[in-house]
Amino acid sequence: MDNLKDKRIILGVSGGIAVYKAVELLRLLTKAGADVHVIMTSAAQEFVTPLTFQTLSSNPVHTELFNLIAEREIGHITLADRADLFIIAPATANVIGKIACGIADDMLTTTVMATKAPLLIAPAMNVNMYTNPVYRENEDRLRRFGHLFVDPVCGSLACGWEGQGKLAAPETIFEAALAVLTPKDLAGRTVMVTAGPTREEIDPVRYISNHSSGKMGYALARAASRRGAHVILVSGPTCLPAPLGAEMVCVESACEMQAAVMSHVSRCDIVIKAAAVADYRPVERNSTKIKKQSETTTIELCKTPDILAELGAMQMRPFLVGFAAETDNLAEHAAKKLKVKNLDMLVANDVSQADAGFNVDNNRALLLFRDGRSTECSLMSKDELAEKILDNIVIEMPATGHLA
Ligand code: PMT
């Protein structure tokens with residue numbers, strides 16, 4: 001997660017009600033260690049003052065093209081030359097139109113014209129402006145030049161209209177920025193991640209499940225996607241937003257997860273099984289709600305398919321990473337799972353402690369490898385652990401012959 005640390009980012013802010021969201025984006029970028037330099041158009045300053053951006057960025061905010069102090073060293077060129085990434089959020093139809101036509105008549109558009117840094121544009125505007133053929137042509141033109149877009153989302157717009165035009169969430173723009181500055185060591189690879197719990201239905205209103213939130217698997221999917229992989233995320237029921245760029249396959253039960261995994265596995269170079277799959281399911285699902293009758297009741301259960309073991313038994317299989325959730329003898333149980341299920345790597349987490357594992361933001365793990373080596377990962381965020389897991393996969397893959 002250090003990919004933004006000390007990176008110099010220009011945040012261009014153009015005028016629109018969504019300017020306040022750029023403040024939150026700035027906060028996320030600086031928190032990640034980026035050195036952010038804000039340029040505001042005069043319209044943007046009508047919504048939020050430069051002082052807000054200056055305070056949060058700890059850098060002077062650029063508002064004028066002809067500033068006597070900054071122009072001593074030709075401010076816009078210096079700024080443009082030193083940038084690692086240029087973000088415009090919110091980007092109005094006017095600013096996008098100007099950039100698409102090569103107009104450079106203020107500090108923002110002039111600096112865009114002069115930079116060689118990647119340009120990430122997050123549009124925000126009225127839905128009719130967004131669908132206007134003139135705007136569409138301008139956006140297409142910029143995409144053809146290789147500039148990147150974070151599409152606006154649908155919702156009720158400040159102007160009273162409903163539709164696509166709302167600035168994407170600051171977290172989404174941040175994620176896209178992180179992706180631009182992340183080395184693409186998984187480019188060309190297809191990675192399948194399974195995440196979340198499964199639900200095994202007893203009747204139309206009840207099911208057997210577990211406490212998995214999906215956070216660990218989704219963090220892996222986001223990280224793999226940032227690193228250039230095509231990600232297939234097979235997810236049990238969760239409340240999490242789909243990771244940017246991931247191919248989502250939503251399932252409920254262990255049997256559905258098995259069918260989804262097996263139908264996509266032939267496309268994959270790597271499979272990471274972070275899902276907490278139920279080991280047992282009811283032998284029969286009652287078609288109507290089971291009535292409360294006797295004091296005790298029994299539900300007959302049968303084993304679910306062990307998807308990981310099935311993958312491990314394949315003759316030609318991708319690089320296979322399993323998870324193990326253990327409450328005792330972590331290393332011993334995990335090593336056994338790695339061997340029995342024929343895995344390349346296993347991520348073992350001790351789920352007996354409240355600060356890690358199920359349904360929290362952090363995790364600690366023991367990474368085990370085929371040849372008996374192991375590495376401890378102390379308590380860290382699931383995003384950080386996801387990066388460590390992928391770092392190890394990238395190192396381990398050639399040794400097992402799965403990387404071309
Ligand atoms: O989702 P979070 O709230 O973020 O929590 C993360 C997590 C604790 C769920 C995750 O880190 C984790 O440990 N996932 C694996 C949980 C689990 O099911 O462990 P297990 O030891 O029971 O299973 C071992 C492996 O076999 C797992 O990779 C599992 O996906 C797989 N399995 C299990 C049963 C089954 N029928 N099919 C499987 O493929």
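The questions and answers below move from the whole protein to single residues.

User: What kind of model is this, and how are its residues numbered?
Analyst: Side-chain values use heavy atoms, with hydrogens and water left out, and residues are numbered from 1 along each chain as its sequence is written. Local features need pLDDT of at least 70, side-chain atom pairs count only at pLDDT 80 or more, and totals for chains, interfaces and linings use all residues, since this is a predicted model.

User: How many helices and strands are there in the protein?
Analyst: Helices (H or I, at least four residues) and strands (E, at least two) are DSSP runs, numbered from the N terminus. The C-alpha trace that carries them spans about 80 × 50 × 35 Å along its principal axes. The count for the protein is 13 helices and 19 strands.

User: What percentage of the 404 residues count as buried?
Analyst: A residue is buried under 20% relative accessible area, exposed over 50%, and partly exposed in between, with a 1.4 Å probe and protein chains only. Among the 404 residues of the protein, the buried share is 50%.

User: What share of the contacts with a separation of 6 or more joins residues 24 or more positions apart?
Analyst: Contact means heavy atoms within 4.5 Å. Counting contacts in the protein with a separation of 6 or more, the share from residues 24 or more positions apart is 67%.

User: How are helices α1 and α2 oriented to each other?
Analyst: Axes are lines fitted to C-alpha atoms, for helices over the stretch in contact, and angles run from 0 to 180 degrees between N-to-C directions. Helix α1 (residues 19-31) and helix α2 (residues 50-57) have axes 10 Å apart at an angle of about 10°. The contact involves Val19, Ala22, Val23, Leu26 and Thr30 of α1 with Thr52, Phe53, Leu56 and Ser57 of α2. Angles under 35 degrees count as roughly parallel, over 145 as roughly antiparallel, 65 to 115 as roughly perpendicular and the rest as oblique, and α1 and α2 are therefore roughly parallel.

User: Which term describes the orientation of α4 and α7?
Analyst: The axes of helix α4 (residues 93-100) and helix α7 (residues 133-144) come within 9 Å and cross at roughly 55°. Residues making the contact include Ile96 and Ile99 of α4, and Tyr135 and Leu142 of α7. The orientation of α4 and α7 is therefore oblique.

User: Which rings form the one aromatic pair, and why is the pair called tilted?
Analyst: Rings of Phe, Tyr and Trp (its six-membered ring) pair if their centres lie within 6.5 Å; planes under 30 degrees apart count as stacked, over 60 as edge-to-face and the rest as tilted. A search of the whole structure finds one such pair. Tyr130 and Tyr135 have ring centres 5.5 Å apart and planes at 40°, so the pair is tilted.

User: Which residue lies over the face of Tyr130?
Analyst: A charge sits over a ring if NZ of Lys or CZ of Arg is within 6 Å of the ring centre and within 35 degrees of the ring normal. Tyr130 and Tyr135 are both buried. At 4.7 Å from the ring centre of Tyr130, the residue over its face is Arg136.

User: Is Glu175 buried or exposed?
Analyst: Glu175 lies in helix α8 (residues 170-180). Leaving out residues up to four places away in sequence, Glu175 touches Arg222, Arg226 and Leu244. Its relative accessible area is 14%, so Glu175 is buried.

User: Is Thr298 buried or exposed?
Analyst: Thr298 belongs to the loop between β14 (280-282) and β15 (301-303). Its C-alpha atom is separated by 40 Å from that of Leu379, 81 residues apart along the chain. With a relative accessible area of 74%, Thr298 is exposed.

User: Which residues is Asp105 in contact with, leaving aside its neighbours within four places in sequence?
Analyst: Asp105 is placed in the loop between α4 and α5 (107-114). At 49% relative accessibility, Asp105 counts as partly exposed. With those neighbours set aside, its contacts are Lys98 and Thr110.

User: What is the omega of the peptide bond from Ala89 to Pro90?
Analyst: Most residues other than glycine have a negative phi, and most peptide bonds are trans. Pro90 is in strand β3 (residues 85-91). The bond from Ala89 to Pro90 is cis, with omega near -5°.
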